[in-house]
Amino acid sequence: MINKITLSIFAAAVTATSLAHAKQPEFSDHHCKAAETNAQHYKNFPSALIEAQARHKKIANVHSARQSAAQAAQGNAHSQDSSDTSYIMGISATPSYIVPVVFHVYGTVHNGDTVNDAVIIDALYKTNEDFQGQTADYADIDPEFQSVKDHLNIEFRLAGIDPNGNPTTGIIYHPESSGAGNYSSSDVKNDHWDNYKYMNVYIQNDLYADGVTNNSGVAWYPDSGMSDDGLARVAYNGAYLGTNTDENFRSVLTHEFGHFMDLIHTFEGGCKRGAAKRCSRTGDEACDTPQQNSWQMNPGDGGILNCMGQTINWQNFMAYSDQYANFTQDQVDRMINGLNSSSRASLWSASNLSATGVAN
């Protein structure tokens, strides 16, 4: 099978000869700065941390409800197979969650690659496939994780109606700019659409206005204060959007969307034997994703056994992976809990889907 590993290795070999891609961000320990930015946010705004702690206490309820539903449906709830006709061309015909999205694009050439409607539409479609477990890689993961892999029946749709009630493509082009990855970005403040109605994605090449153009993206966890101020967002580098990069690395957009719904890096906190008994409160706070020694753990570099000799879920969307393939059950519980938070629940409400032009 030609999977993402093969494609990623090939792409790395090709791009190594290009000045535009002299350094692949997948080999940088800070290509996604979600850990640092969210930690700083909680330090700057203690009320945000209190809100997060209260939200996380509800995850157990989601887990219990999903377990009960699965048992009632004889283990078939939240699963689909190739014969299930509710999935058409990789996109669910009956998504449990629909989220209206607006892309703000600043400049159309990023590291020599063009960002246009076609690239964005393709990227969003493939991100939906990732979340729904509709890619070939979903079936091609290590056997240790076949029983805990999971998907979320969610669809991110480009908004069809703008905040003024006018028709929109959900893709807005702005003059070239930078810094959308900085908390108080003026572009975000000035150009955002209501955070309680739209998921805002900002596409720039230089995310931190520091001249570095190979940072891939950043996102913040759910927080009502950020949504109140119009600052909730995903910031992403157009050079790594959809067909502008290789098949594996385009899933970093999925990775960032995971952060937006409250997922943490699988390698957060490293590997500590004492943390194993506190897995719901340490690391990525998901007990079915084994701890990682570091961010750099793939078959081709740091190996896939952690400090306790366990195989890690190196193919997880929230890792830095050479083969992005899956979420786990605990991660899906956490995302569902995040979607029901005060800063995300209105996005997928029936009234909002109609108001933003994305209802079925």
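Colleague: Hi! Before we start, what kind of model is this?
Modeller: Hello! This is a predicted model.

Colleague: Good to know. Let's begin with helix H3: which of its residues are buried?
Modeller: H3 covers residues 46-56, and its buried residues are Ala48, Ala52 and Arg55.

Colleague: And how do those buried residues sit around the axis of H3?
Modeller: Looking down the axis of H3, you find the buried residues within an arc of 60°, so they line one face of the helix.

Colleague: Which exposed residues are on the face turned away from the buried side of H3?
Modeller: That face carries Pro46, Ser47 and Ile50, which are exposed.

Colleague: Back to the buried side, then. What do the buried residues of H3 pack against?
Modeller: They pack against three helices: H2 (34-44), H4 (59-72) and H9 (329-339).

Colleague: Is Asp333 buried or exposed?
Modeller: Asp333 has 3% relative accessibility, so it counts as buried; the cut-off for that is under 20%.

Colleague: Which residues is Asp333 in contact with, apart from its neighbours in sequence?
Modeller: Leaving out neighbours within four places in sequence, Asp333 is in contact with Ile59, Val62, His63 and Arg66.

Colleague: Nice. Switching topic: how do helices H5 and H8 cross?
Modeller: The axes of H5 (residues 117-131) and H8 (residues 252-260) come within 9 Å and cross at roughly 65°. The two helices are therefore roughly perpendicular to each other. H5 passes H8 in a right-handed crossing.

Colleague: Which residues make that contact?
Modeller: From H5 there are Ala123, Leu124, Thr127, Asp130 and Phe131, and from H8 there are Leu253, Thr254, Phe257 and Gly258. By class, the contact has 5 nonpolar, 3 polar and 1 charged residues.

Colleague: One last thing: where does Thr356 lie?
Modeller: Thr356 lies in the segment after helix H10 (350-355).

Colleague: Why does Thr356 count as buried?
Modeller: Because its relative accessibility is 1%, and buried means under 20%.

Colleague: And what does Thr356 touch?
Modeller: Not counting residues up to four places away in sequence, Thr356 touches Pro100, Ala159, Gly160, Ile161, Lys197 and Tyr198.

Definitions and conventions
Residues are numbered from 1 along each chain as its sequence is written. This is a predicted model: local features need pLDDT of at least 70, side-chain atom pairs count only at pLDDT 80 or more; totals for chains, interfaces and linings use all residues. Side-chain values use heavy atoms; hydrogens and water are left out. Buried means under 20% relative accessible area, exposed over 50%, partly exposed in between (1.4 Å probe, protein chains only). Helices (H or I, at least four residues) and strands (E, at least two) are DSSP runs, numbered from the N terminus. The arc is that of the directions from the helix axis to the C-beta atoms. Contact means heavy atoms within 4.5 Å. Axes are lines fitted to C-alpha atoms, for helices over the stretch in contact, and angles run from 0 to 180 degrees between N-to-C directions. Angles under 35 degrees count as roughly parallel, over 145 as roughly antiparallel, 65 to 115 as roughly perpendicular and the rest as oblique. A crossing is left-handed if the near helix is turned anticlockwise from the far one by less than a right angle, and right-handed if clockwise. Ala, Val, Leu, Ile, Met, Phe, Trp, Tyr, Cys and Pro count as nonpolar, Asp, Glu, Lys and Arg as charged, and the others, Gly among them, as polar.
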